[in-house]
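Please keep the structure open while I talk.

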Amino acid sequence: MTITRTMSIATLAVLISGTVYLSMRQNPSEMAMADEPASRAARPVITNTSPSSSDRARETTNKPTYVGREQCAECHRDNFEQHAAHGHASTFIEVSETDLPDIFDKQTFDGGDAHGVYTYSKDDDGNLSVSLPNAEQPSKIPLQYALGSGHNARTILTLARGADGVTEGIEHRVSCYPDKRLGMTVGHSEKKPARDLEKFGDVTRGELTQRCVYCHTTTGILTEGRIDRLVANVNCEKCHGPGSEHVRQARNSKNPPPYSVGAENWDVESEIQLCGDCHRLPRSVTKQELRDYPDTMTRFQPVGMLRSKCYLASNREMKCSTCHDPHQSVHGLSQQDHIQNCIQCHDTDDSSHTICPVSAKTNCIECHMPKVSQEQGIEFHDHWIRVHEE
Ligand code: HEC
Ligand code: HEC
Ligand code: HEC
Ligand code: HEC
Ligand code: HEC
Ligand code: HEC
Ligand code: HEC
């Protein structure tokens, strides 16, 4: 995926410390101002101890560390099982642990005149690599990490160490789409290679490569061409923060002190910042994109939601979890589940609600949040909820 903006210093600080879950906060009135994407100073929003916490057990707290999602399963079995089926739980995997070596092995793909014809091969240990006859430095590279659960696509990332020691990331030009179809990676059709390495795909360096890893993992720091402290996928502790203290306290008491979303200062805005950190906020896109709202903006659900009348006219109390359980994949839900989410605020039995004059009880999504097609047959639902002219 093409990264449209460089990161702010604040974001970089967050990347380096590896803590995302409560990274930044913006003033809600500024967030709704779609024309105003400037970045803002970071300030932490959550602490592990709340000063006025009620009668929950009080203990001295140590600096929490990451324990891994398996630890959470002991007491939160439902969240754990739901999360396992969510795209968040399979969005960063070593290629050798997937079916990709078998899918790509012995295939060729014509990347175009400037790039050449790729040939894929699997070795005896199951490792996959790609070679290019018209490239020399190098002419063959391994396929390392698969990003994306495969619901829409899986794109391959290979890490390399640049001459100056900085980590480079090669986003391969060929991705795997549903039904094992190989196709051009989204955003690559216009790319022109300036050196041999770029014939394999789009090459990013340093913090841009780190950002790609940041959004698809729980922790992982790039150093000298590899990832240190890798915990793959968007797991519990990416959103809730390191859990060692919570686990320790919960083992000692049935009423552990507030943690993460249980803290008093966790609010609607905190959640929008959390999801928007990866799904993108208005500040992540250009002013022109905000003004024109091209179809590509539908990939960035928070950008759409924040300009919807539903959000603006409901005291800005609408958030992602108004309609999505953060642990449960959207892909298993029925249309009726989605309609129920609309009905909570557009209920024909509640005279204070605004009711649709066209269809008061059915098919809300197809008229007010239609699917919008992107490259390679990928579709997103437009989260700018509104009446579409026809
Ligand atoms: C650390 C980055 C990150 C954060 C934070 C994050 N997401 Fe995601 N989300 C992703 C990525 C990456 C995917 C793509 C998963 C895949 O590969 O299919 C995704 C996919 C999704 C999907 C579609 C996949 C599915 O199975 O349903 C939903 C819905 C979603 N996220 C909702 C949320 C909500 C709600 C929040 C906030 C509570 C949130 N996300 C926070 C990175 C993030
Ligand atoms: C700012 C955070 C962010 C960065 C940076 C980022 N991604 Fe993603 N990526 C996401 C989110 C969020 C989704 C889920 C999109 C959705 O389903 O709405 C996603 C989805 C994907 C998908 C699934 C297919 C699709 O188009 O939805 C692939 C593949 C992917 N990313 C690869 C990459 C690669 C490779 C990089 C780095 C070169 C990268 N991403 C950088 C957040 C990010
Ligand atoms: C994408 C971000 C994200 C991920 C990943 C995530 N959570 Fe959550 N979780 C949230 C948010 C946001 C809330 C608060 C939802 C609300 O306000 O209704 C929450 C609420 C909770 C709660 C309290 C409410 C409830 O559902 O019981 C528990 C417990 C919890 N999460 C555990 C987990 C565990 C265990 C995992 C991993 C298996 C996990 N979460 C993964 C974002 C996330
Ligand atoms: C030994 C049991 C236990 C383990 C292990 C455990 N929790 Fe909890 N957790 C609890 C209890 C008890 C509560 C408070 C009551 C409730 O909401 O269920 C709680 C509450 C929460 C909440 C809601 C916030 C709050 O303050 O009420 C979240 C989020 C959460 N846990 C996430 C996690 C995550 C993430 C992990 C793994 C890193 C984890 N828990 C591991 C027992 C546990
Ligand atoms: C008013 C309800 C509503 C709200 C609020 C909402 N969504 Fe959605 N979301 C939906 C519906 C409906 C779908 C489509 C489900 C389907 O049919 O596949 C969807 C789909 C998605 C998907 C899958 C990709 C796509 O676009 O089809 C992601 C990712 C997602 N939402 C993220 C978010 C995030 C992040 C937020 C918060 C900024 C959010 N949503 C707020 C209703 C909502
Ligand atoms: C948190 C409450 C809430 C939820 C959930 C919600 N809405 Fe709304 N919506 C509102 C409010 C409040 C208004 C403004 C009503 C008015 O102006 O009279 C509104 C307005 C609208 C409008 C008119 C928009 C315009 O620009 O004139 C449409 C269409 C709409 N909602 C559809 C939906 C659909 C479809 C869903 C489910 C996907 C949904 N809403 C979910 C609160 C909500
Ligand atoms: C067949 C397409 C269609 C379906 C299905 C549909 N709507 Fe609408 N809706 C419209 C149109 C068109 C308008 C504008 C009507 C007008 O201005 O006369 C509208 C208007 C609205 C409004 C604004 C009403 C006002 O007075 O400002 C709301 C709220 C709304 N719809 C919600 C919903 C909800 C919730 C559902 C599902 C229960 C739904 N709609 C299903 C087409 C649809």
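Two strands count as paired if DSSP finds at least two bridges between them, and the elements I name are DSSP runs numbered from the N terminus, helices being H or I of at least four residues and strands E of at least two. This is a predicted model, in which local features need pLDDT of at least 70 and side-chain atom pairs count only at pLDDT 80 or more, while totals for chains, interfaces and linings use all residues. Residues are numbered from 1 along each chain as its sequence is written, and chains are lettered from A and ligands numbered from 1 in the order in which they are written.

With that in mind, look at the hairpin of β3 and β4, which has 5 residues between its strands and in which G126 takes a positive phi near 85 degrees. Strand β3 (residues 117–122) is joined to β4 (residues 128–131) by 4 bridges, the two running antiparallel, and Y120 has V130 in β4 as its bridge partner. On its other pairing, β4 meets β5 over 3 bridges, again antiparallel, with S129 standing opposite P142 in β5.

The whole is an open sheet of 4 strands in the order β2-β3-β4-β5, with antiparallel pairing, and its edge strands, each pairing on one side only, are β2 (108–110) and β5 (140–142).

Turning to the ligand site, 18 residues surround ligand 5 (C-beta atom, placed from the backbone, within 6 Å of it), and the closest are Q301, P302, C320, C323 and F380. Elements giving two or more residues to this shell include α10 (268–279) and β15 (379–381).
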